[in-house]
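Student: Before we turn to the aromatic rings, could we work through some individual residues and then the fold as a whole?

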Amino acid sequence: MANPERLEQPGIRGWLHRPEKIKAAMLLSHGAGGDSKAPLMVAVAKAFREAGYCVLRWDLPFRQAGPRSSPGSSGKRDREGILEAVKLLRQIAREGPLYL
């Protein structure tokens, strides 16, 4: 299978794991203490890609602000970022379910 593609757009930074044939899509987000490069995130994205999922493994907006940034009061910004990431992922994986 292909290596993940680096994806960088305003407000969206991550890796796209695209299978040969897409049956579903997944937006894979980290927790407050991690980022998109965490070994568990990479392994989960790879496993789902192998099962036919198009996975966007990405950094939430608060993490894009810096490696030591805290989620603090970033809830609104993060929710808006999630919505934008979902819109982008839906453009890539046009059919089938999309999981968050």
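Student: In this predicted model, is glutamate 50 buried, partly exposed or exposed?

Tutor: The classes are set by relative accessible area, with buried meaning under 20% and exposed over 50%. Glutamate 50 has a relative accessibility of 46%, and therefore it counts as partly exposed.

Student: Where does glutamate 50 sit, and how far in space is it from proline 19, C-alpha to C-alpha?

Tutor: Glutamate 50 has its place in helix α1, which covers residues 39-50. Along the sequence, glutamate 50 and proline 19 are 31 residues apart, while the distance in space between their C-alpha atoms is 6.7 Å.

Student: How is the ring pair of phenylalanine 48 and tyrosine 53 classed?

Tutor: A pair of aromatic rings is described by the distance of the centres and the angle of the planes. The count of aromatic pairs comes to two. For phenylalanine 48 and tyrosine 53 the ring centres are 5.0 Å apart and the planes stand at 85 degrees, and since planes over 60 degrees apart count as edge-to-face, the class of this pair is edge-to-face.

Student: What is the class of the pair formed by the rings of tyrosine 53 and tyrosine 99, and how many residues apart in sequence are the parts that it ties together?

Tutor: The ring centres of tyrosine 53 and tyrosine 99 lie 6.1 Å apart with planes at 40 degrees, so this pair is tilted. Tyrosine 53 belongs to strand β4 (residues 53-59) and tyrosine 99 to strand β5 (residues 98-99), so the pair ties together parts whose separation in sequence is 46 residues.

Student: Which residues do the ring pairs link into a cluster, and which accessibility class does tyrosine 53 fall into?

Tutor: The ring pairs link Phe48, Tyr53 and Tyr99 into a cluster. Phenylalanine 48, at 29% relative accessibility, counts as partly exposed, and tyrosine 99 is likewise partly exposed, with a relative accessible area of 40%. Tyrosine 53 has a relative accessibility of 16%, and therefore its class is buried.

Student: Over the face of which residue does arginine 6 lie?

Tutor: The distance from arginine 6 to the ring centre is 4.7 Å, and the residue whose face it lies over is tryptophan 15.

Student: In what order do the elements of the protein run from the N terminus on?

Tutor: The protein has three helices and five strands. Among its contacts between residues at least 6 apart in sequence, 67% join residues at least 24 apart. Read from the N terminus on, the order of the elements is β-β-β-α-β-α-α-β.

Notes: Residues numbered from 1 in each chain as written. Predicted model: local features only at pLDDT ≥ 70, side-chain atom pairs only at ≥ 80, totals over all residues. Heavy atoms only, no water. Helix = DSSP H or I, 4+ residues; strand = E, 2+ residues; numbered from the N terminus. Buried < 20%, exposed > 50% of the residue type's maximum accessible area, 1.4 Å probe, protein only. Phe/Tyr/Trp six-rings, centres within 6.5 Å; stacked < 30°, edge-to-face > 60°. Lys NZ or Arg CZ within 6 Å of the ring centre and 35° of its normal. Contact = heavy atoms within 4.5 Å.
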